[in-house]
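My notes follow the structure.

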Amino acid sequence: MNIYGEILIENWRNPKNYKKVSKPTHSAEVYNPLCGDKIKIEVKIRSDEIVDIGFRGGGCIISQAAASLLTQEVRKLKNVKRVKNLTERKVFELIGTEIRTARRKCALLPLEVLRKALK
Amino acid sequence: MPFTLNDFPILRKKTAGKRLIYLDSAATSLKPQKIIDAVDSYYREYSANVHRGIYEISERASREYEKARAKVARFVGAKTQEIVFVRNTTEAINLVAYSWGDANVGKADRIITSIMEHHSNFVPWQELALRKKAEIKYLDITDDGQLKLDQLDKLLTSKTKLVAISHISNVLGTINPVEKICNMAHKVGALVLVDGAQAVPHRCVDVKRIGCDFYAFSGHKMLGPTGIGVLWVKEELAKNLKPHFFGGGMIGEVSIQRTSFDDFPRSFEAGTPHIAGAIGLGAAVSYLEEIGLRTVVRHEQMLTKYTLEELNKLKGIKVYGPASFTERSGIVSFTLDEIHPHDLATILDGDGIAIRAGHHCCMPLHKRLGINATARASFYIYNNKEDIDKLIEGLNKARKILV
């Protein structure tokens with residue numbers, strides 16, 4: 001079975017929102033010691049609305065693509081409260097493919113960083 | 001070889017018509033039926049405690065448990081009374097750090113280890129150094145993945161108490177010159193602990209010939225059960241070693257005021273041991289002796305040579321460790337282009353090929369190599385050229401999808 005479908009590959013090759021945010025109001029970084037992945041997310045919030053988001057860092061296809069997909073979703077939602085309610089299941093929906101237990105941590109790393117940033 | 005792949009039940013099983021291609025024996029080995037049977041028969045036929053009961057099955061359990069100790073001792077050129085059964089290599093090393101280390105390493109003393117160590121031969125010493133305010137130094141490696149021995153010469157001082165070194169690197173596959181290291185260390189009065197987790201399953205190890213003071217290895221990497229490992233301590237040292245764990249089975253006489261302890265190695269095996277595990281390990285030793293370690297070495301060298309040749313044909317490949325197959329064990333770590341090793345492993349897994357990806361419990365080494373992770377293929381007796389062909393095929397497929 002090949003889990004590397006179009007969505008994953010496309011978001012890994014051409015990640016959206018891979019950038020530094022100027023004057024972010026919130027940010028966080030998490031390191032996954034299992035694979036050496038490190039993701040940093042910066043957010044700019046103005047009156048309960050996310051006006052800018054960007055991520056940086058290196059890692060595997062799954063974590064990089066998940067970060068791209070997640071930040072796009074955040075841009076769509078905008079409202080901080082709604083973004084805070086983003087679930088793990090939503091991340092897997094965005095990725096659109098089944099991820100084996102050992103790699104779930106990679107897929108969920110960006111969400112973990114986002115939650116930490118918004119705390 | 002005097003065995004067949006059919007000896008391994010897990011290889012008889014087919015998933016979606018495909019046999020498992022297992023290339024992760026450096027993590028743990030597969031188990032032959034004979035070892036499973038040995039464990040099984042203990043539980044079915046004589047599952048009594050050892051050294052306690054006065055009845056038939058307890059005596060049988062004690063006999064088999066001690067027989068396993070004798071087999072293991074002979075296998076590594078040791079005396080039976082020098083062998084302690086522990087859980088694994090990690091526990092063996094920690095045991096030395098706590099029992100010998102706490103009693104013998106003091107402020108400003110020096111411990112030397114290397115940058116290529118597994119965390120299990122790294123962190124216990126780092127922690128001991130912190131506890132005792134001792135100094136810890138790390139031997140560096142060359143670009144070819146060999147220890148810099150000239151550096152060791154300079155690091156060894158009269159304050160050096162211990163050199164802790166792996167026999168074979170679990171990432172680079174490098175076979176370290178442990179005999180030479182022992183010679184050098186002993187000249188300044190330092191002791192040597194050798195982490196033999198990757199060596200005992202794959203080559204003839206003789207602790208006396210190496211000349212070390214402590215030697216540690218695991219049963220599960222040499223066809224034996226998980227949860228059983230071995231600490232060998234040189235007899236002269238063992239006599240004066242203070243036990244670390246106290247309780248049942250390790251005492252001489254207990255009174256309210258004081259307790260005297262049994263002799264080594266019993267003094268180091270507090271509580272009911274992993275009886276089935278030890279018996280299984282004994283069976284694994286017999287199985288390996290039947291095949292002959294020379295045959296194992298030859299087989300793995302052939303596979304390593306083939307793997308290095310085939311890998312080096314791939315575009316974008318980088319192989320770590322000694323370039324020559326004669327200087328390494330059956331462990332080959334590599335990266336392919338910019339593909340993250342975890343993605344490589346996932347793609348290979350899709351074809352039933354099991355490799356390891358990550359830092360393999362060697363973060364300082366990966367940092368030294370300037371990378372976060374590597375992919376690692378490692379072999380044992382049940383692998384063949386066909387497995388390597390499948391690996392190469394899988395890597396080509398990964399390149400097609402991801403590059």
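I began with helix H2 (residues 33–45) and helix H10 (residues 275–291) of chain B in this predicted model. I found that their axes come within 8 Å and cross at roughly 150°. Angles over 145 degrees count as roughly antiparallel, so I noted H2(B) as roughly antiparallel to H10(B).

On H2(B) I have B:Lys34, B:Ile35, B:Ala38, B:Val39, B:Tyr42 and B:Tyr43. On H10(B) I have B:Ile275, B:Ala276, B:Ile279, B:Gly280, B:Ala283, B:Ala284 and B:Tyr287. I sorted the residues of the contact of H2(B) with H10(B) into 11 nonpolar, one polar and one charged.

I then turned to the domains. For chain B, the domain assignment gives domain 1 as 5–28 + 292–402 and domain 2 as 36–289. I noted 28 Å between the C-alpha centres of domain 1 of chain B and domain 2 of chain B. To their contact, domain 1 of chain B brings 25 residues and domain 2 of chain B brings 25 residues.

Which elements supply the side of domain 1 of chain B that touches domain 2 of chain B? I found at least two residues each from helix H11 (293–311), strand S14 (331–336), helix H13 (363–369) and strand S17 (374–378) of chain B. H11(B) gives the most to that side, with four residues.

Terms used: Residues are numbered from 1 along each chain as its sequence is written. Chains are lettered from A and ligands numbered from 1 in the order in which they are written. This is a predicted model: local features need pLDDT of at least 70, side-chain atom pairs count only at pLDDT 80 or more; totals for chains, interfaces and linings use all residues. Domain bounds come from an automatic or database domain assignment. Two residues are in contact if their C-beta atoms, placed from the backbone, lie within 7 Å. Axes are lines fitted to C-alpha atoms, for helices over the stretch in contact, and angles run from 0 to 180 degrees between N-to-C directions. Angles under 35 degrees count as roughly parallel, over 145 as roughly antiparallel, 65 to 115 as roughly perpendicular and the rest as oblique. Ala, Val, Leu, Ile, Met, Phe, Trp, Tyr, Cys and Pro count as nonpolar, Asp, Glu, Lys and Arg as charged, and the others, Gly among them, as polar.
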